[in-house]
Amino acid sequence: MTAFGWFQPSVLGMTGQSRALEVISGNIANVTTTGYKRTESAFQTLLSRSFAGPSAAAGSAPMTFQSDIAGVAAVDRLRASDPGAIKGTGRDLDLAINGDGFFVLDDGAGGSVYSRDGAFSIAPISGPAAATAGESAGYLVDSSGRTLQGWAYTGAAAGPAAGGATAPMRVDAGAFADEGEPTTLAALGLNLPASDAVGTNRTYAMGILDSGRMPHTLNLAFTKAAQPNTWSFLVSADPGEAITITPSSTDAGAAVGAGQALSFDGTGSLTAPPRYTIGVAHADGATSSFELDVSRLTQLAGDFAVSSFEQNGRVAGALSAIEFDAQGHVVGVFENGFSRPLYTIALADFASPDGLDPLAGNVFAASAASGAPTLGQAGQNGLGEITPSALELSNVSLEDEFSRMIVTQSAYNSSATAFRTMDEMTEAARDLKR
């Protein structure tokens, strides 16, 4: 080893421990950074030279190899596979991955980067995906404005099978509109007082939506018939509107007027018929056709009381909010109260997540060490599920980092002491030569 080599192990020791302290400082600085993945410094030996020689008399034994150990080199190792704790935030656009996987983000240059930081917001973006004609388009983006990637939801086929390539997800109020649905099913539950006298009239106004998703009111009139435990009911609408009811009454003579006959047994339960198909030709040209379930009608002692009414029609409505589920669906909530999935969030998995390359902005890039990403849907093929209104915290432990800091500082000081001692020995050798 040359005279310069005397100092090399100590210099490399100080350099390596200095790098370790730098890594520890970075971890501590990001202890509160959402989704941050800590880095550890490992060390590997460096050899100044290697030579071979016989281990015994020449030719009597195999050659042996010896090396001069000339110090260490620091090697950074990412711990992206170590999960952080998940903490609820109460914020609707915060997402955490409970398990394996990374969010896929557009890097702005046609590629993708990956992150565990699920603090998203809605913001406009530039480029061909943005809205035109003065519209304000909002997309799901991270804190640096990178768009979260996913697939348009197509029902049973979700994830890569649904839409192929990923794309930004637009979620502003103008992105979607629910066209509504006409009433096709309705169910009414009410009690007709058993003590009512013959000819007593009870009414209920029933709201429905026609073929154009416009609201209408149909009036139901229940009249006590002369025959015991029998009522009739009439359906009427606005003037000029024609109504048909199927089936027609099988015993209209038992009812008062020309209404449908309703018969009850001794327990007050409806005997027949339980369902009617009602058609209406409205004056504005729209039509209605729906099935009315009256099986929950009763004739019991007590007052006239409506217990329930449901119908499946809804008016058109714009997108008013979004929600998320454990499978990574972006669910749209519309002004009419209807909700449905809009997108499926893409998650990426890697053969070796610790081989990812860290980039600025708390994101990672794929590398040869990590392998190519495999995209999929949350909760499938080994990928974790999505926890809405929560964030994954940093996986940095302050206790561990301070413990490493103490050991690293001691190692650095020892290398510095060895350097100083070698320097003193060199000076002493120089003085002896004089």
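Which ring does the charged end of R314 sit over? The ring of F338, 3.6 Å from its centre. A charge counts as over a ring if NZ of Lys or CZ of Arg is within 6 Å of the ring centre and within 35 degrees of the ring normal.

Some ground rules. This is a predicted model, where local features need pLDDT of at least 70, side-chain atom pairs count only at pLDDT 80 or more, and totals for chains, interfaces and linings use all residues. Residues are numbered from 1 along each chain as its sequence is written, and side-chain values use heavy atoms, with hydrogens and water left out.

Back to rings. R116 has its charged end over the ring of F102, 6.0 Å from the centre. F102 also belongs to a cluster, linked by ring pairs with Y114, F350 and F364. Rings of Phe, Tyr and Trp (its six-membered ring) pair if their centres lie within 6.5 Å; planes under 30 degrees apart are stacked, over 60 edge-to-face, the rest tilted.

How many aromatic pairs does a search of the whole structure find? Nine. Take F222 and F233: their ring centres are 5.8 Å apart and their planes at 25°, so this pair is stacked. It links distant parts of the chain, with F222 in strand 14 and F233 in strand 15 (residues 230-236), 11 residues apart. Strands here are DSSP runs (E, at least two residues), numbered from the N terminus. F222 is buried, at 1% relative accessibility. F233 is buried too, at 1%. Buried means under 20% relative accessible area, exposed over 50%, partly exposed in between (1.4 Å probe, protein chains only).

Six strands form an open sheet in the order 10-9-24-23-22-11, with antiparallel pairing. Strand 10 (167-168) and strand 11 (177-178) are at the edges, each with a single partner strand, so one side of each has no neighbour in the sheet. Two strands pair if DSSP finds at least two bridges between them. Strand 9 (residues 149-152) pairs with strand 10 over two bridges, in the antiparallel sense. There, G150 stands opposite A167.

Now the backbone. The peptide bond from T246 to P247 is cis, with omega near -5°. P247 is in the loop between strand 16 (242-246) and strand 17 (260-264).

Two residues other than glycine have positive phi. R213 is near 65°, in the loop between strand 13 (201-209) and strand 14 (215-224). R213 is partly exposed, at 26%. S389 is near 55°, in the loop between strand 29 (385-388) and strand 30 (390-392). S389 is partly exposed, at 24%.

Key. Helices (H or I, at least four residues) and strands (E, at least two) are DSSP runs, numbered from the N terminus.
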